[in-house]
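Biologist: Could you walk me through this protein with me asking as we go?
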Amino acid sequence: MKFRPMWWDSSEHRDAPPLRNAVRHVARYLAVLPIIGGATGLAELFYRITGSDRLSAIFLAGVLLSAFLLGSGPAYVSAALAFLVYLFLVNPRFQFSFGGAEDFNVMMMFLAVSVLIGLLTGRMRDEAARARARQRVNGALLDATRDFSATSDETAIRQRLAAHIARAARGEAEIRDNGGAYRARAEDAGHQASGPWRVQGLRTGDADFGEAAWRPRGGYPLSEEEQTLIGILADTGAAAISRARLAAGKAEAEARARTEDLRNALLSSISHDLRTPLAAILASATSLREFGGRFDPAVRADLADTIREEAERLDATVANLLSMSRLEAGQLTVATSAFNVPEVVERAVGRRNRTEQRPFEVRIDPATPEAEGDAVLFEQALGNVVENAMRYSPAGAPITVTVAGAGGEVMVEVTDAGPGVAPEDAERIFEKFYRAPATGSLPGTGLGLAISRGLLAGMGGRIAVRNRTDGARGLVATLCLKAAA
């Protein structure tokens with residue numbers, strides 16, 4: 001890379017067409033004339049003041065300035081020109097001749113030193129220019145790598161790749177694939193991008209991800225450094241697209257595996273809850289059909305109650321499964337209105353009490369306001385919590401349901417006498433199919449509390465659990481809804 005001073009190394013000059021670049025190249029060499037002319041004037045002034053013809057340092061400074069500003073080539077021209085002018089000014093003045101052997105040695109030494117100064121200074125500036133070029137390339141690659149690493153979305157990667165290539169080309173860029181093209185324009189390109197497109201394929205190994213195309217503004221040629229940068233950007237972008245596709249494939253495979261695991265867990269966990277009421281219904285119905293005439297009215301009534309209770313249990317299980325499906329699909333329909341919470345609590349508790357004949361204690365604050373939500377969904381959510389309390393409380397242990405209003409909310413607390421919950425499981429028990437270790441081998445699907453949280457969230461409410469704080473063993477589940485205005 002040839003050295004260009006800072007004023008020469010602008011994007012405008014590097015973008016210039018070939019004829020303009022040739023003119024500027026010649027101008028670099030012509031710029032030597034005023035520098036050496038200035039050194040000549042300064043040397044002549046020094047001679048007139050001091051009478052000494054030892055002027056080599058002044059001309060060496062001119063050569064050094066030429067090398068620093070213009071590069072190695074102009075520095076050699078300035079060294080030759082300075083040698084001729086210096087030879088013309090030393091004694092005998094205004095003659096191209098040497099006064100003696102010593103003068104010859106001095107002049108030859110001056111020529112050698114000036115050429116060496118031009119060479120070393122020019123090389124140093126050339127190396128600095130190369131270092132700046134490497135810094136530009138490394139900076140652009142670092143920015144692109146950060147951009148590509150920040151996302152695993154293939155579309156976003158293609159858009160960002162187009163933007164980085166357009167910036168490197170100082171024009172337009174397109175990232176093409178079978179689905180279309182992602183275009184970008186550099187901020188300083190304006191509307192001048194024209195000329196033929198240059199194209200490079202986006203490939204990693206045998207995989208083909210389309211192609212990258214670009215063209216600089218005005219159709220001006222790009223430097224070797226810029227072409228190399230664009231090629232590296234294209235390769236880096238292809239690697240990022242490959243990574244994005246691998247990540248998408250991995251996520252899809254993990255999703256399929258999770259779906260399969262959930263399906264297996266669902267089938268395993270609900271088999272007992274479905275088969276048990278079905279078996280009871282089948283046995284009771286068969287007994288009534290085959291031996292109904294031999295049973296007294298009390299036995300027949302008991303068998304009919306069993307069929308009704310088990311059918312209600314089966315209906316509740318199916319309702320939970322349907323609710324979970326709607327929650328998963330985001331299709332839960334909430335008919336929000338003001339409703340009387342104590343009435344819903346009495347209905348939910350009464351239905352479960354008829355089935356299990358458990359001792360319930362219901363405490364209702366008369367000042368409880370109406371709640372804002374869906375009464376049907378709230379009853380289902382509360383029913384799941386009550387059933388959970390009944391399942392894990394010992395037989396005969398009372399279950400307390402408290403209803404009150406506080407802080408603009410209506411709160412329903414269900415307190416049981418079960419094993420409670422470990423602090424680390426207080427949130428996990430709301431996950432699908434999760435059952436705390438303290439529940440042991442008791443039957444259950446692990447869906448009830450998860451569905452209750454989903455239903456309450458759909459109504460803008462919340463649910464939380466904590467261990468009892470009155471010294472007794474058990475769990476307190478709190479359901480909250482916003483109080484109606």
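This is a predicted model: local features need pLDDT of at least 70, side-chain atom pairs count only at pLDDT 80 or more; totals for chains, interfaces and linings use all residues.

Biologist: Okay, strands to begin with: how many bridges join strand 8 to strand 9?
Modeller: Seven bridges join strand 8, residues 399-406, to strand 9, residues 409-415, and the two strands run antiparallel. In this pairing Ala406 stands opposite Glu409.

Biologist: And what happens at Gly407, in the hairpin of those strands?
Modeller: The hairpin has two residues between the strands, and Gly407 takes a positive phi near 60° there.

Biologist: Which sense does strand 9 take when it pairs with strand 11?
Modeller: Strand 9 pairs with strand 11, residues 475-482, in the antiparallel sense, over seven bridges.

Biologist: Switching topic, how many cavities of 30 Å³ or more does the structure hold?
Modeller: There is one cavity of 30 Å³ or more, and the largest cavity has a volume of about 60 Å³. Its lining includes Val385, Asn388, Val414, Asp416 and Leu475. The elements that give two or more residues to this lining are helix 11, residues 375-392, and strand 11.

Biologist: What classes of residue make up that lining?
Modeller: By class, the lining of the largest cavity has eight nonpolar residues, one polar residue and one charged residue.

Biologist: Now the rings: how many aromatic pairs turn up in the whole structure?
Modeller: The search finds two aromatic pairs. One of them is Phe291 with Phe295, a tilted pair at 6.4 Å centre to centre with 50° between the planes. Phe291 is partly exposed, at a relative accessible area of 33%, and Phe295 is partly exposed as well, at 25%.

Biologist: What about Phe339 and Phe378?
Modeller: Phe339 and Phe378 form a tilted pair too, with 5.7 Å centre to centre and 45° between the planes. Phe339 lies in strand 5 and Phe378 in helix 11, so this pair ties together parts that are 39 residues apart in sequence.

Biologist: Last one, on helix 5: how does its span compare with what it should be?
Modeller: Helix 5, residues 72-89, has 18 residues, which should span 26 Å at 1.5 Å a residue, and its end C-alpha atoms are 25 Å apart, which agrees. Its buried residues include Ala75, Ala79, Phe83 and Tyr86.

Notes
Residues are numbered from 1 along each chain as its sequence is written. Side-chain values use heavy atoms; hydrogens and water are left out. Two strands pair if DSSP finds at least two bridges between them. Helices (H or I, at least four residues) and strands (E, at least two) are DSSP runs, numbered from the N terminus. The expected span of a helix is 1.5 Å times one less than its number of residues. Buried means under 20% relative accessible area, exposed over 50%, partly exposed in between (1.4 Å probe, protein chains only). On a 1 Å grid over the protein atoms alone, a cavity is a set of points where a 1.4 Å probe fits but cannot get out, and a pocket is an open set with protein on both sides within 12 Å along at least five of seven lines; lining residues have an atom within 4 Å of a point. Grid points are joined across faces, edges and corners, and a volume is the space filled by probe spheres set on the points. Ala, Val, Leu, Ile, Met, Phe, Trp, Tyr, Cys and Pro count as nonpolar, Asp, Glu, Lys and Arg as charged, and the others, Gly among them, as polar. Rings of Phe, Tyr and Trp (its six-membered ring) pair if their centres lie within 6.5 Å; planes under 30 degrees apart count as stacked, over 60 as edge-to-face and the rest as tilted.
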